[in-house]
Amino acid sequence: MKRLEALATLMDSAFAIPGTQIRMGLDGLIGLVPVLGDLITTAISSYILYEARRLGVSKFTLARMAGNVAIDGVIGAIPIVGDVFDIAFRANRRNVHILRRHLERVR
């Protein structure tokens, strides 16, 4: 979990935008590269899904997490609007939270 939390932080909230309290991660930066950037960030986000599946989460939980990745990938691909959305939505942090809650319930 620590590795997945570190990845989610790096991708979604590792850096503060100077002069603001808004945090962003590599997802917002890599996503600035049209098409290729969004494909890369979606692939990285899919790694969290892979790990969740390996940890044995339910299909419902996996579907919720996949929905977050899909929303982030599709809307993130829209020029300008998608870049702002990538900073605000934080799919990886959401998915790690969902995974953590699921694992706590199962214990």
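Modeller: In this predicted model, the buried residues of H4 pack against helix H2 (26-30), helix H3 (36-54), H5 and helix H6 (91-106). Those buried residues are Thr61, Met65, Asn68, Val69, Asp72, Gly73 and Gly76. Seen down the axis of H4, they fall within an arc of 125°, so they line one face of the helix. Lys59, Phe60 and Val74, on the other side of H4, are exposed.

As for length, the 18 residues of H4 should span 26 Å at 1.5 Å a residue, and the end C-alpha atoms are 25 Å apart, which agrees.

Two of these neighbours can be described further. The axes of H4 (residues 59-76) and H5 (residues 81-89) come within 8 Å and cross at roughly 150°. With angles over 145 degrees counted as roughly antiparallel, H4 and H5 are therefore roughly antiparallel to each other. H4 contributes Asn68, Ile71, Asp72, Ile75 and Gly76 to the contact, and H5 contributes Gly82, Asp83, Phe85, Asp86 and Phe89. By class, four residues of this contact are nonpolar, three polar and three charged.

For H4 and H6, the axes come within 9 Å and cross at roughly 175°, which makes this pair roughly antiparallel as well. On the H4 side the contact is made by Thr61, Arg64, Met65, Asn68, Val69 and Asp72; on the H6 side, by Ala91, Arg94, Asn95, Ile98, Leu99, Arg101, His102 and Arg105. The residues of the contact between H4 and H6 divide into five nonpolar, four polar and five charged.

Conventions. Residues numbered from 1 in each chain as written. Predicted model: local features only at pLDDT ≥ 70, side-chain atom pairs only at ≥ 80, totals over all residues. Heavy atoms only, no water. Axes fitted to C-alpha atoms, helices over the stretch in contact; angles between N-to-C directions. Helix = DSSP H or I, 4+ residues; strand = E, 2+ residues; numbered from the N terminus. Parallel < 35°, antiparallel > 145°, perpendicular 65-115°, else oblique. Contact = heavy atoms within 4.5 Å. Nonpolar A, V, L, I, M, F, W, Y, C, P; charged D, E, K, R; others polar. Expected span 1.5 Å × (residues − 1). Buried < 20%, exposed > 50% of the residue type's maximum accessible area, 1.4 Å probe, protein only. Arc of directions from axis to C-beta.
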